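Here's a quick tour for anyone meeting this protein for the first time. Have a look at the chain and its two ligands, then read on.

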Amino acid sequence: MGDLIKGKDVANVITQEVKEAAEKIKQKGINPKLMIVRVGEREDDLAYERAALKRMESCNILCEVLKLPIDISQENFILALKKVNDDESVHGILLFRPLPKQINEDDVKFIIRPEKDIDCFNPINAAKVYEGDETGFPPCTPLAAMEILKYNKVNLKGSNSVVLGRSMVVGKPMAMLLLKEDATVTVCHSKTKNLSDVTRNADILIAAVGKSQMVDGNFVKDGAVVIDVGINVDEEGTMTGDVKTDECIDKASLITPVPGGVGSVTTAILAKHVIKACKLLNKQEGVL
Ligand SMILES: NC(=O)C1=CN([C@@H]2O[C@H](COP(=O)(O)OP(=O)(O)OC[C@H]3O[C@@H](n4cnc5c(N)ncnc54)[C@H](OP(=O)(O)O)[C@@H]3O)[C@@H](O)[C@H]2O)C=CC1
Ligand SMILES: Nc1nc(=O)c2c([nH]1)NC[C@@H]1CN(c3ccc(C(=O)N[C@@H](CCC(=O)O)C(=O)O)cc3)C=[N+]21
């Protein structure tokens, strides 16, 4: 029987640091501010929005939400995003993904200027993740998973790490961050054959597919560390992960629950990134 790793402890440490940093900045007359851009009403976006608003409040960071209709045209979406980008009171922009089908990401991904791009939408920041350059903003969620692994002193060097999912928000950058720590990384997706045979080789298994309870005991090697990134919210508002925690805890050495795992650290990293962006922008203007 393995241990449940609560995200809260890690989130609390980061939150405290961010709060202190925000106070220092405020003393100089600058008010750090996050703008969330939400298109439509996906349940997982709404869950993130609620959690982010709460986290920003506890860190003393301003937070506003721009709500756009699900059927917004590409043209109007670009106009709205440019306006947020040009707003000098906004330091960090979080655009929820995935975006609806009519929006072509290739035509919008360069709009958010890299200094405000706190969840790695702009390819300039994505490139930095691939280069192992820490001056940009890797997406908050894979960073949160890394913080949990580090906090629990999980040995990454030479480990067989398997990432389930290959999105630009979680799977791909997660693979790069693990690779930077000398893990041997395998990335799986919807076309992967014999998925559970691959995952049963993993010393570290990261699940980010968005399919409730898909990972059962059959996917997990004895003693593995399992990080459940999935946030699946049903119509009644119940939150579940991608992993059957009850079943997998018998095999895993460490496992993160949902709720109470990666999600809380994600919002703490988000707050940290707003402060980093605020400092970057004000340094450029010679204020800080
Ligand atoms: N805890 C947190 O802080 C966060 C949680 N999330 C959650 O993580 C989950 C994933 O998010 P995101 O990456 O944005 O989702 P996407 O829908 O963008 O990507 C899902 C990935 O999973 C793969 N996949 C889907 N079905 C299967 C399957 N049956 N077998 C194997 N692979 C499969 C897809 O493969 P393919 O590429 O082939 O389609 C894709 O690569 C969601 O539940 C989301 O809410 C996301 C961000 C933060
Ligand atoms: N560009 C982009 N980046 C994302 O990271 C992203 C996204 N789009 N779209 C939606 C998904 C979903 N997601 C959540 C994160 C935290 C909670 C959450 O509830 N956090 C709670 C804790 C939940 C728990 O206890 O596990 C908290 O911080 O207090 C929910 C959902 C991010 N996502």
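This is a predicted model: local features need pLDDT of at least 70, side-chain atom pairs count only at pLDDT 80 or more; totals for chains, interfaces and linings use all residues.

Residues are numbered from 1 along each chain as its sequence is written, while chains are lettered from A and ligands numbered from 1 in the order in which they are written.

**Domains**

- The protein chain is assigned domain 1 (29-116) and domain 2 (140-264), with bounds that come from an automatic or database domain assignment.
- Between the C-alpha centres of domain 1 and domain 2 there are 26 Å.
- Five residues of domain 1 are in contact with five residues of domain 2; contact means that C-beta atoms, placed from the backbone, lie within 7 Å.
- On the side of domain 1 that touches domain 2, two residues are nonpolar, none polar and three charged. Here Ala, Val, Leu, Ile, Met, Phe, Trp, Tyr, Cys and Pro count as nonpolar, Asp, Glu, Lys and Arg as charged, and the others, Gly among them, as polar.
- In an unreviewed UniProt entry, residues 5-119 carry the annotation "domain: Tetrahydrofolate dehydrogenase/cyclohydrolase catalytic". UniProt positions follow the numbering used here, feature names are shortened, and annotations may be inferred rather than shown by experiment.
- Residues 5-119 are 47% helix and 16% strand, with the end C-alpha atoms 24 Å apart. Helices (H or I, at least four residues) and strands (E, at least two) are DSSP runs, numbered from the N terminus.

**Around ligand 1**

- There are 27 residues around ligand 1, and S167, H189, S190, G210 and T266 come nearest. To be near, a residue needs its C-beta atom, placed from the backbone, within 6 Å of the molecule or strand.
- Helix α10 (residues 262-284) gives the most to this shell, three residues.
- By class, the shell around ligand 1 splits into 11 nonpolar, 12 polar and four charged residues.

**Around ligand 2**

- Ligand 2 has 22 residues around it, the closest being Y48, A51, P259, G263 and T267.
- Two or more residues of this shell come from each of α2 (43-59), α6 (140-151) and α10, and the largest share, six residues, is from α2.
- The shell around ligand 2 holds 10 nonpolar, seven polar and five charged residues.
- Why does ligand 2 lie between the domains? Domain 1 and domain 2 both give residues to its shell, so ligand 2 lies between them.

**The nonpolar core**

- The largest nonpolar core has 84 residues, of which A145, I206 and V226 touch the most other members. Such a core is a set of buried Ala, Val, Leu, Ile, Met, Phe, Trp, Tyr and Cys residues joined through C-beta atoms within 7 Å.
- Helix α10 supplies the largest share of this core, 11 residues, and at least three residues come from each of domain 1 and domain 2.
- Beyond its neighbours within four places in sequence, I206 is in contact with A145, V163, L164, M174, I227 and V229.

**The annotated binding site**

- An unreviewed UniProt entry puts the feature "binding site" at G165, R166, S167 and I231.
- G165 sits in the loop between β5 (160-164) and α7 (171-180), and S167 is also in the loop between β5 and α7.
- G165 is buried, because 23 other C-beta atoms lie within 10 Å, whereas S167, with 17, is partly exposed. The cut-offs are 20 or more other C-beta atoms within 10 Å for buried, 12 or fewer for exposed, and in between for partly exposed, with C-beta atoms placed from the backbone.
- Apart from neighbours within four places in sequence, G165 is in contact with V170, G171, H189, A208 and V209.

- Most residues other than glycine have a negative phi, and most peptide bonds are trans.
- The R97 to P98 peptide bond is cis, with omega near 5°, and the V258 to P259 bond is cis too, with omega near -5°.
- P259 is in the loop between β11 (254-255) and α10.
- C120 has a positive phi near 65° and counts as buried, with 26 C-beta neighbours inside 10 Å.
- K153 has a positive phi of about 55°, but with 6 C-beta neighbours inside 10 Å K153 counts as exposed.

Definitions and conventions: Two residues are in contact if their C-beta atoms, placed from the backbone, lie within 7 Å.
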